[in-house]
Amino acid sequence: MMRIVVIGAGPAGLAAAASASQAGADVVIVDEGERPGGQFWRHHPGFTDARLQHQLGRFADLQRALEGVRMLSSASVWRVEAGAPLRVHALVGPVDAPQRQGETLEADAVVLATGAHDRVLPVPGWTLPGVTSAGAVQALAKRDGIALGARTVVAGAGPFLLPVAQSVAILGGEVAEVVEAASAGMIARGWGTRPWEMAAAAGKAGELVSYLSTLTATRTPYRLGSAVTRIHGTSCVEAVTVQRIDRDWRPIDGTSRTVECDAVALGHGFTPRLEAAIQFGCELTGDRFVRVDSQQRTSIPGVHAAGEITGIGGADAALAEGAIAGLAAAGVPEADLRYRMPLRSRRRMRAFAERLKTHGIRPGWTAWLDDDTIVCRCEATTRAALLEYADASARGLRLATRAGLGPCQGRTCGRSVEDIAGAAHGIGFDRRPVLSSVRIGELAALRSSTPTPLQKERSHD
C-alpha cells in the first residue's frame, strides 16, 4: 500500500487526499490550521454564513470522502527531506503551546498543497492600526462574522477584491471604495479576448454577477486604474489618498483624491508558499511557481504539487489539480478513467488562470513610496535603508538592514524588498532553512529524542 503525505488541507490538499485514499493509498494530511478547509473554506464551527462561503457542498463531499484518513491539524512542517523514503518533519500542537510534539512521517509520495498568501505592497502609512490584508478581512468575515471597520477602502489588484468587498457589506460595514490597479482597457483586453474560452467557467461568471450586484445595491464606487498611494492618520486610519496610475502603476500627478475611512484592506494578488518545495529541491518556473508535468509531478521523484504553488488559478483549478496529484501519487496509471473529469476541469480553468495575469503587479509601484516608508514591518526597515545597501551582496543587504530576518522571515516583505533593491541580486526570500518558527527548546527535544533505526544507521556514516 502506498504511503502518502499531503501537506496542506485547502481545496488542493483535500482533493488530493480524497482521490489518493479512494485509490487505496494510506494517506496522512498535515495542516497548520485548526480545521481543514484552508483559506477558501475558512469557517468557525459556531458561525457559518452561507453567503460568505462558496461550494460548501463540495467541501462536505470531500470531508465524507476523507473519513478514516488521518488528519494532523495544528501541525507545523518545519523540515522535509527528499529520498527514499521521503520524510516530513512536523511539530504538532498550537503554535503558542509550551510543548509541541515532534513527529516524522515517512512516505512513498508527498503532495505539496501549501497554497499561497496575500501579497500586500507597502504604502506610506500602512503600519497604522486599521490596515490589514484583504485576506485577513475575508478571514475575519468567514470565521468570526466580523467586519474590519465601519467604513473600509478595499484596494489592490485582482478579482479577490470583489468577494472581500461583498463580505464587508454583508456584515453591515460600508465599503467606501473598491480601488483596482488594472485599467478598464487592460481588463477589457485581458478578459475580453477569446471570450468563448471562459464559457466553461460559467460558475465564475455567476460569482461575478453576485459581487457586482452587491456593489450596485450598496452604491459602492469601483475605481479602475487607481491605487491607494498613502494612508493617513495619527493613532489609527483616518483617510487614504487615491491616485490614478499609468500602465506601469506609477502615480499620475494631479489626480490625488482623499477618501475618509477607518479601515483599509490591501491585496495585490498572491504569493505561492514555496518553502517546502524549495527544500525538497523542486524545479521552479521562470515566474517562480513549482514546475509540474501533466500528472502534477515535480522534478523530484515522489513529490507532486497542486494548487496555487503551481500557478494562481483559484479554488476550482486547485481542486482539479489536487485530484490529479492524488491519483498519480497513489500510482494510478495515466490511462485510468478516473483522471478524465479532473483533467477536463483543469483544462477549463486554465483560461481563467491566464486572465488573472491582467492584474499582475507592475514595476512602477515603487514610485509611491517615500524614503521613510517601512517595507519590512518585522524589523522596521525603510525604503531608504534598502536603497543604501542595494549594491551590497544579498547577505550583506540582509545583515545591514535586517530585512527578512524578523519573525515572518520575509514572507510579507520578501518580494517587495527584491523589487526595491533589485532582483538581479538573487536575494531569494523564498529560501528558508527552517520552514516554520521553531523554538530552540523544541529543536533540542527533537535532538535528544530516541532516533529511528534509519537515523541510527546514518549516525555511523
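A: A residue is called buried when its relative accessible area is under 20%, exposed when that value is over 50%, and partly exposed in between. The model discussed here is a predicted one. By this cut-off, Trp 365 is buried, because its relative accessible area is 0%. Trp 368 is also buried, at 5% relative accessibility.

In the pair made by Trp 365 and Trp 368, the ring centres are 6.1 Å apart and the planes meet at 55°. Planes under 30 degrees apart count as stacked and those over 60 as edge-to-face, with the rest being tilted. The angle of 55° therefore makes the pair of Trp 365 and Trp 368 tilted. In general, such a pair is described by two quantities, the distance of the centres and the angle of the planes.

Arg 377 lies over the face of Trp 126, at 4.7 Å from the ring centre. Lys 142 is placed over the face of Phe 40, and its distance from the centre of that ring is 5.2 Å.

The residue range of helix H3 is 134-144, and that of helix H4 is 161-170. The axes of H3 and H4 come within 9 Å and cross at roughly 40°. H3 is therefore oblique to H4. The crossing in which H3 passes H4 is left-handed.

A disulfide is a covalent bond between the sulfur atoms of two cysteines. The structure holds zero disulfides. Cys 236 is in no disulfide, and the nearest cysteine sulfur, that of Cys 261, is 10 Å away. The cut-off for a disulfide is a pair of sulfur atoms within 2.5 Å. Cys 236 counts as partly exposed, at 34% relative accessibility, whereas Cys 261 is buried, with a relative accessible area of 6%.

Glu 321 is found in helix H8, which covers residues 315-329. Glu 321 and Glu 308 are 13 residues apart along the chain, and a distance of 9.6 Å separates their C-alpha atoms.

Technical notes
Residues numbered from 1 in each chain as written. Predicted model: local features only at pLDDT ≥ 70, side-chain atom pairs only at ≥ 80, totals over all residues. Heavy atoms only, no water. Buried < 20%, exposed > 50% of the residue type's maximum accessible area, 1.4 Å probe, protein only. Phe/Tyr/Trp six-rings, centres within 6.5 Å; stacked < 30°, edge-to-face > 60°. Lys NZ or Arg CZ within 6 Å of the ring centre and 35° of its normal. Axes fitted to C-alpha atoms, helices over the stretch in contact; angles between N-to-C directions. Helix = DSSP H or I, 4+ residues; strand = E, 2+ residues; numbered from the N terminus. Parallel < 35°, antiparallel > 145°, perpendicular 65-115°, else oblique. Left-handed = near helix turned anticlockwise from the far one by under 90°.
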